[in-house]
Amino acid sequence: MSGPKVVRIVTREEIMAICEGHQARLDAALEDWVRIGRRNDCISEEEVAAGQRRREAIAKLLASDRFMDVQKQAPLEIAFLANDLEARLRKVADQAAVERSSARRQAEAAKTLLGALRAAENLPPDLEKRLQLVVDGETDSKAIADGFAALSAKQDDGAAARHALAQRHRTDEKPPSLQEWLRRQ
């Protein structure tokens, strides 16, 4: 293809404006990363300082007229900050879901224990208050354990008496082996 070619010459000022735009977007992304990370308590001060150091390294590239490096590094850092923030928020959300699920299971267990202990008429008043707090959303695994202990202490189905009776009627005779039993049959 022949014909005149159009070549656009980019001035130093235009390149600097492009790089300063990258730097401004990086500053905004870093500010959002820090703000949202702190709000959700998923970022440490050491991580913030490391992010600031990476931002300063890119600013030094701009100050030393390494425009191509700035144009490469700034978008990579912006993408890293966005991906890192998303991963951190996902981890926080997952942890919150696990905690809600655990609290819900404890509340259901406490409600069931309250009903069983009330039916067995073996519910100390302080344990009733603690279990009711768990039903209302407070976390207290010791109250659940105490409730199960109180429930099992009241439940006497006569197993001990049957065991004592069996021991009295027990003989010292050794049970026959399978071959002996088959031979007798």
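How are helix 1 and helix 3 oriented relative to each other: roughly parallel or roughly perpendicular? I shall begin with that question, noting at the outset that the structure before us is a predicted model.

Helix 1 covers residues 12–39, and helix 3 covers residues 67–120. Their axes come within 9 Å and cross at roughly 15°. Angles under 35 degrees count as roughly parallel, and helix 1 and helix 3 are therefore roughly parallel to each other. The crossing of these two helices is left-handed.

Let us now consider a residue of helix 1, namely Asp27. The C-alpha atom of Asp27 is separated by 8.9 Å from that of Ile78, although the two residues are 51 apart along the chain. Is Asp27 buried, partly exposed or exposed? With a relative accessibility of 27%, Asp27 counts as partly exposed. Asp27 also belongs to a network of salt bridges that links it with Arg55 and Glu56.

This brings me to the salt bridges in general. How many salt bridges does the model contain? The count comes to 14. I shall present three pairs.

Arg8 counts as exposed, at 58% relative accessibility, whereas Glu14, at 28%, counts as partly exposed.

The next pair is Arg66 and Asp69, whose side chains meet in a salt bridge with an N to O distance of 2.6 Å. Arg66 is partly exposed, with a relative accessible area of 44%. Asp69 likewise counts as partly exposed, at 24% relative accessibility.

The remaining pair takes us back to helix 3, where both Glu86 and Arg90 lie. These residues are four apart, about one turn of the helix. Their side chains form a salt bridge at 3.0 Å, N to O. Arg90 has a relative accessibility of 45% and counts as partly exposed; for Glu86 the value is 45%, and that residue too counts as partly exposed.

Finally, I turn from charged side chains to nonpolar ones. Which residues make the nonpolar surface patch of about 340 Å²? They are Leu178, Trp181 and Leu182. Of these, Trp181 lies in helix 7, which runs over residues 178–184. Trp181 is partly exposed, its relative accessible area being 44%.

Methods
Residues are numbered from 1 along each chain as its sequence is written. This is a predicted model: local features need pLDDT of at least 70, side-chain atom pairs count only at pLDDT 80 or more; totals for chains, interfaces and linings use all residues. Side-chain values use heavy atoms; hydrogens and water are left out. Patches are made of residues with over 30% relative accessible area and no salt bridge: like charges are joined within 9 Å, nonpolar side chains (Val, Leu, Ile, Met, Phe, Trp, Tyr) within 5 Å. Accessible areas come from the Shrake-Rupley method with a 1.4 Å probe; for residues, only the protein chains shown count as cover. A salt bridge is a side-chain nitrogen of Lys or Arg within 4 Å of a carboxyl oxygen of Asp or Glu. Buried means under 20% relative accessible area, exposed over 50%, partly exposed in between (1.4 Å probe, protein chains only). Axes are lines fitted to C-alpha atoms, for helices over the stretch in contact, and angles run from 0 to 180 degrees between N-to-C directions. Angles under 35 degrees count as roughly parallel, over 145 as roughly antiparallel, 65 to 115 as roughly perpendicular and the rest as oblique. A crossing is left-handed if the near helix is turned anticlockwise from the far one by less than a right angle, and right-handed if clockwise.
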